[in-house]
Amino acid sequence: MKSKEAQQTPAIQVLERMFALLDVLASHQDPVSLKALSEATGLHPSTAHRILNDLTIGRYVDRPEAGSYRLGMRMLELGNLVKARLDVRDAALPAMRELHKFTHQPVNLSVRQGDEIVYIERTYSERSGMQVVRAVGGRAPLHLTSVGKLFLASDDSPRVRAYATRTGLSGHTRNSLTDVGALERELAMVRQRGIARDDEELELGVRCMAAGIYDDQAKLVAGLSISAPADRLEEGWVVRLKETAAQISTALGYRA
């Protein structure tokens, strides 16, 4: 079912027609003829021509040759402005709150900085029954965290081994992965499943699961994770976690 917002149409008819033309142009890599645009939108050719002419004046549409059209440079300029102003935290926070309502456990947003992850946002409540040790701004080694493993899994083997050499893969608990071979096997499973886990590797009594957040260039820019007491982390949350991460990625311009 479409949302109420998706069902709404512009109050001004010419804007509705303009949006329809732009959507058709956006769906084609090559220039589109006036005839094809008219057929795709249901607009009379003269009506489509008038609107396209005005869009061309504003540089929203280009006319590479007589009778054909494509999106113009002004669209690229505006798109770059939007991208520059997108903030992964702002895009993620509403979805994080919904995920927290679903799990009643802390939901974390983290990014990579060098050989560590940095927590940049968290939603939690006292009902989780878990004390939050690492506050927003806190750091943790990549190989000991679920989000960190997502970033390591996006690296090739030489980079993973270079990370292991630099850090020495020091451990925090008896469950920590301190052997590069074991870490590489874990990362292979992360790539296969699209989900990463921390099985009491950073803190005893705490388990986490994480999914990646991607930008419009399909680059991993952040990780979304659920933390819970070890005996309360539910496997049924995986689907909802992936859906939420995908929702945030879409808000950042990612297209699968």
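Here is a walk through this structure, from its cores to a pocket and a few loops.

First, some ground rules: this is a predicted model, where local features need pLDDT of at least 70, side-chain atom pairs count only at pLDDT 80 or more, and totals for chains, interfaces and linings use all residues. Residues are numbered from 1 along each chain as its sequence is written, and side-chain values use heavy atoms, with hydrogens and water left out.

Let's start inside. In soluble globular proteins, nonpolar side chains tend to be buried together. A nonpolar core here is a set of buried Ala, Val, Leu, Ile, Met, Phe, Trp, Tyr and Cys residues joined through side-chain atoms within 4.5 Å. "Buried" means under 20% relative accessible area, "exposed" means over 50%, and "partly exposed" is in between (1.4 Å probe, protein chains only). The largest nonpolar core has 24 residues, and Met-209, Ile-213, Leu-224, Ile-226 and Leu-241 have the most contacts inside it. At least two residues of this core come from each of α6 (88-103), β4 (107-113), β8 (206-214), β9 (220-229) and α10 (237-251). Those labels count from the N terminus, and they are DSSP runs: helices are H or I with at least four residues, strands are E with at least two.

Now zoom in on Ile-213. Leaving out residues up to four places away in sequence, Ile-213 touches a list of residues including Val-88, Leu-109, Leu-220, Leu-224, Ala-245 and Ile-248; a contact means heavy atoms within 4.5 Å. There is also a second, separate core of 23 residues, with Ile-117, Ala-182, Val-190 and Ala-196 among them.

On a 1 Å grid over the protein atoms alone, a pocket is an open set of points where a 1.4 Å probe fits, with protein on both sides within 12 Å along at least five of seven lines; lining residues have an atom within 4 Å of a point. The second largest pocket has a volume of about 310 Å³, where volume is the space filled by probe spheres set on the points, joined across faces, edges and corners. This pocket is lined by 18 residues, and Gly-194, Ala-211, Gly-212, Tyr-214 and Leu-220 are the closest to its centre. Two or more lining residues come from each of α7 (146-153), α9 (180-193), β8 and α10, and α10 gives the most, with 5 residues. By class, the lining has 10 nonpolar, 5 polar and 3 charged residues (Ala, Val, Leu, Ile, Met, Phe, Trp, Tyr, Cys and Pro count as nonpolar, Asp, Glu, Lys and Arg as charged, and the others, Gly among them, as polar).

The loops have some details too. Asp-155 is in the loop between α7 and α8 (157-167). Is Asp-155 buried or exposed? Asp-155 counts as buried because its relative accessibility is 13%. Setting aside residues up to four places away in sequence, Asp-155 touches Arg-112, Val-160 and Arg-191.

Leu-169 lies in the loop between α8 and α9. Its phi is near 50 degrees, a positive value in a residue other than glycine, and Leu-169 is buried at 4% relative accessible area. Ala-218, in the loop between β8 and β9, has a positive phi as well, near 60 degrees, but Ala-218 is partly exposed at 47%.

Finally, Gly-205 sits in the loop between β7 (196-199) and β8. The C-alpha atoms of Gly-205 and Pro-229 are separated by 5.7 Å, although these residues are 24 residues apart along the chain.
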